[in-house]
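Welcome! Take a moment to look over the chains, and then let us walk through them together.

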Amino acid sequence: MVSKKLPSSYMSANRVWLGLLCIVVLVGAVGGTLIGIFIGNRISSLESQVDSLQDTVSSLEDEVDRLLDELADMNSTRTFIFEWLSWEQNIVNGTLRMELTFAWKGENLSIIAKINDDEYGEQYEPDYNATMAEDLLVLVLDLNNDGQLVGESALMAYADNYTRGGVLCSNGQIATPLWEKQPSRFHTCVFEPDVGYTFNVVFPLVLLPELQHLSSDLVYVCFVDTGGSVDISFHWKT
Amino acid sequence: MKMIKASIVICSLLAFAAISQIPVSQAPTGKAWAVLVNASGNVGSNETQMLYNVLIDHYNFEDIYYLHLETSFPGVDAKATKANFRWALTNWLSSHSTANDFVLIYVVAHGGGYSMYDNAFVGLSKYMLADGRAEVAWDNQGKPAYSDEGMEVLEQNLLNGCRGPPLDVNGDGDLDDWVGVDECIKFIPLSDPLQRYWDDEVAADLSGLSYKTLAFVYVGCTAENSTEHCFSGGFIDDLSAPNRIIITPTNETWPSWGAYDENKNLLGYSFWGKEFISAFDVDTLAFNEADVDSSGKVSFKEAFDYAWNHDPARTGEVPQSETPWLDDNGNGLPTFVQGQDVLDPTDGQLASQTYLGTLKSPDINKDGVIDIADVVSVALSFMAIRDHPNPEHIYIERLDLNDDGYIDIEDIVIVAIHFEERYH
């Protein structure tokens, strides 16, 4: 077989092409790697954005749930019934029953207290020169949300729709400024001998803006009668 | 048993006195007169009764004119009305008291003024004009203006009703004028503005009186149709004068406080008033504690200090505050100026020298029980004389129980009468 020697120029051109090919392959490899890295990073970034969006969606869902709960809470009505047996109180002969209903109605916090005291208590008030109701409902909310009721202002809701200032003390006393009773802006009361007292308390946000920030559901309720008193403290949302 | 022991002690000493030719006691100079007024209703109706009983039991007042809304209460002369109170000052008291006498005026009633206290439940808010009378004291445009109360509050901080809009007192379209607020004592019917006894009127009525020393104590508070207040300290700048002691349980802009007990029954007196009056009640440990200088007597300053230290609404035991005020140097302070309390640490001298009477506690050693130790303490100084010419003669003022200048049988009898009593 006869070998044929290729011309040297041909050999040089091939080397150039081969070199170029290598370069192209090298550049392609490097470029591909870089593009891969870039794409990887991009994907990673997009993934983290997706995660973040998922977190946002999740927190929005939580917020929606919370708002829905709150809305449901605001529109819900919670009723509590407390009873004191005959030897636990001096107000009625049998069992004293207090039914308390809490509800947000629009922008108003409504509290209805039904108490089966069948005797209307009254006494002479010399500064009014009139006979006025002696029985009353004392209501204290945790308006400053500190988890305590001592020091909070009390609504002293008399059965004749009058009120007087009050502050709950640690020893169970109610401190009161030495001022006279006055017509209440927050409650009305109906007495029916067969049923007892129905105190209807409404706190409108417009008159009591403190309620806007009310997060504590701690409440103190006391019913005062000529013969004695009963009281209870509890959480009205839980 | 007590009577037997006391009788033995008295008889022994009477016998001793008979052979000792002891001096005769002399009555103190000057008479004491009191006007008590209670128009507070049930929330404070018992307070003047406590004071009345203390005055009757332990002090030698020439007469007490007592006004109360409950005319069936013991000692009450007439119903507590504005007209009757003014009559008591301008007729009864002015016709009895002389320049050598002591006068006590103690008032428990609703009042009116300017509020810094906030309680929306009862329609009361900070900066509210609460049955007071607002007058422009300084006009920012230079128009003539005057209020005897001085510059107390800017119109922008004077709200018309609970959390209501600011009040343009002189109607000039701006809210930058300074305003003074007159205080008042309210009488029934509470809604009648004509039954408000304004501080200026009280000052004018007191100016016609003769006395050596006058003590005016006002426990005030009010509320009616969403305009309520206590603010008795606001009377000081109007009533202040030489030889006068003005005492209030709270300052010019804050309520004074009473209480429902644990069973939610109204106590019928103010926290402060109970302590202040107890300090004058010889039959209590409060008297012993109030008698800081161990003189056997409690001065107005000592009673004021005792109430300051024991009033739960002052000490913080009750989660509300009140700051009792006292003025006795005639300079009109403490008072409220430009939105702030202006106090006066120089008060107290006249109050320290003024007593409800001359009687001293028979509990000489202040151990809460009247016993033989107290009798012996007095007996050991028997026949001592205050103005004895011999400088070495020992006279102990504390043991002169009736303050007549002689430690004699009368002083021992005072101890014997209370023999075996225990104070609480």
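This is a predicted model: local features need pLDDT of at least 70, side-chain atom pairs count only at pLDDT 80 or more; totals for chains, interfaces and linings use all residues.

The table lists the assigned residue ranges.

| Chain | Domain 1 (residues) | Domain 2 (residues) |
|---|---|---|
| Chain A | 11-75 | 78-235 |
| Chain B | 2-26 + 359-417 | 32-109 + 186-333 + 345-352 |

In chain B, domain 1 is assigned from the ranges 2-26 and 359-417. Where the domains of chain B meet, domain 1 gives 9 residues to the contact and domain 2 gives 11.

For chain A, how far apart do the C-alpha centres of domain 1 and domain 2 lie? The distance between the C-alpha centres of these domains of chain A is 64 Å.

Now for the helix pair. In chain B, helix α6 (residues 271-278) packs with helix α8 (residues 300-310) at an angle of about 135°, and their axes are 8 Å apart. Because of this angle, α6(B) counts as oblique to α8(B). The crossing of α6(B) past α8(B) is right-handed.

Which residues make this contact? From α6(B) come B:W272, B:E275 and B:F276, while α8(B) brings B:A303, B:Y306, B:A307 and B:H310. Sorted by type, the residues in the contact of α6(B) with α8(B) are 5 nonpolar, 1 polar and 1 charged.

Methods: Residues are numbered from 1 along each chain as its sequence is written. Chains are lettered from A and ligands numbered from 1 in the order in which they are written. Domain bounds come from an automatic or database domain assignment. Two residues are in contact if their C-beta atoms, placed from the backbone, lie within 7 Å. Axes are lines fitted to C-alpha atoms, for helices over the stretch in contact, and angles run from 0 to 180 degrees between N-to-C directions. Helices (H or I, at least four residues) and strands (E, at least two) are DSSP runs, numbered from the N terminus. Angles under 35 degrees count as roughly parallel, over 145 as roughly antiparallel, 65 to 115 as roughly perpendicular and the rest as oblique. A crossing is left-handed if the near helix is turned anticlockwise from the far one by less than a right angle, and right-handed if clockwise. Ala, Val, Leu, Ile, Met, Phe, Trp, Tyr, Cys and Pro count as nonpolar, Asp, Glu, Lys and Arg as charged, and the others, Gly among them, as polar.
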